[in-house]
Amino acid sequence: MEIKTATVIGANGALGIGVSSILASFGDVKVYMIARTMKKAEEAIEKAGMAVKANSICKNMEAMTYDDLEKCISESDIVVETIIEEYETKKKIHEEINKYLRKNAIASSVTSGISINSLAECYNKENKKRFFGIHFFNPPYNLQLCELIASKYVSKSVEDELQRYLEKKLYRKVVRAKDEPGFLANRIGFQFINKAMQYAEKYKEKGGIDYIDTIIGCFTGRN
């Protein structure tokens with residue numbers, strides 16, 4: 001998989017900045033960073049350089065706004081949506097991506113739990129085959145774990161190709177997850193959180209949350 005140009009939508013958020021940094025540095029990709037205003041997009045580029053302590057990656061980034069969606073998407077090999085975690089808002093963006101997505105380009109959402117199959121319905125028959133959930137963990141540049149969630153329309157060969165790109169080019173630790181609530185990591189995480197809250201209530205006379213956090217924090221990697 002050869003990716004030379006990318007569009008990151010919602011690029012001024014923490015996830016958008018992180019994903020843009022990964023693409024611009026490890027991928028050496030030209031990244032169109034789309035935000036609501038040009039000022040926000042320019043600030044995102046500056047923050048990206050500061051976050052990774054490498055201003056040199058900024059040369060690969062270009063500030064854009066939502067007015068430039070057609071130009072950016074039509075020129076991109078991959079489009080990454082990183083906007084607010086709200087289905088209707090994401091749906092509108094993916095309907096726009098579908099209009100301009102170039103042949104063989106990848107479309108994706110960095111969602112932590114919204115159904116990928118549901119969002120795939122925003123795309124036409126051909127574009128459905130190349131739509132994925134790519135859940136970079138926050139902060140993306142520092143955390144290598146990445147969940148890859150294929151829609152039911154995706155062929156295994158395309159999924160394999162994208163996984164190789166994420167692993168070999170972007171240096172992510174990829175875990176394939178099913179399109180189920182919370183995918184994989186959050187399903188596990190919510191189990192720990194629910195159990196911790198139950199024990200905190202049970203042992204509230206001994207310190208409650210602080211008491212339970214001290215006991216299981218290190219054990220679950222949440223110290």
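Five bridges join strand β2 to strand β3, and the two run parallel. Strands here are DSSP runs of E with at least two residues, helices are runs of H or I with at least four, and both are numbered from the N terminus; two strands count as paired if DSSP finds at least two bridges between them. The model is a predicted one, in which local features need pLDDT of at least 70 and side-chain atom pairs count only at pLDDT 80 or more, while totals for chains, interfaces and linings use all residues. Residues are numbered from 1 along each chain as its sequence is written, and side-chain values use heavy atoms, with hydrogens and water left out.

Eight strands form an open sheet in the order β3-β2-β1-β4-β5-β6-β7-β8, with mixed pairing. The edges are held by β3 and β8 (173-176), each with a single partner strand, so one side of each has no neighbour in the sheet. From one strand to the next, the twist averages 25°; angles are taken between N-to-C directions, from 0 to 180 degrees, using axes that are lines fitted to C-alpha atoms, for helices over the stretch in contact.

How much of β1 is buried? Five of its five residues are, where buried means under 20% relative accessible area, exposed means over 50%, and partly exposed lies in between (1.4 Å probe, protein chains only). Both faces of β1 are covered, with T5, T7 and I9 on one side and A6 and V8 on the other.

Helix α2 lies across β2 and β3, running at about 155° to β3.

Helix α2 is a friendly example for checking geometry. Its 14 residues (38-51) should span 20 Å at 1.5 Å a residue, and its end C-alpha atoms are 20 Å apart, which agrees; the expected span is 1.5 Å times one less than the number of residues. The buried residues of α2 are A41, A44, I45, A48 and G49. They cover an arc of only 135° around the axis, which puts them on the same side of α2; the arc is that of the directions from the helix axis to the C-beta atoms. Their cover includes α1 (14-25), β2 (30-35) and β3 (61-65). The face turned away carries the exposed residues K39, E46, M50 and A51. Just after α2, K53 takes a positive phi of about 55°.

Finally, the interior. A nonpolar core is a set of buried Ala, Val, Leu, Ile, Met, Phe, Trp, Tyr and Cys residues joined through side-chain atoms within 4.5 Å. In the largest, with 39 residues, L23, F132, I134, F136 and L166 touch the most other members. Helix α1 gives the most to this core, with five residues. A second, separate core of 24 residues includes I9, Y32, C72 and A107.

Definitions and conventions
Contact means heavy atoms within 4.5 Å.
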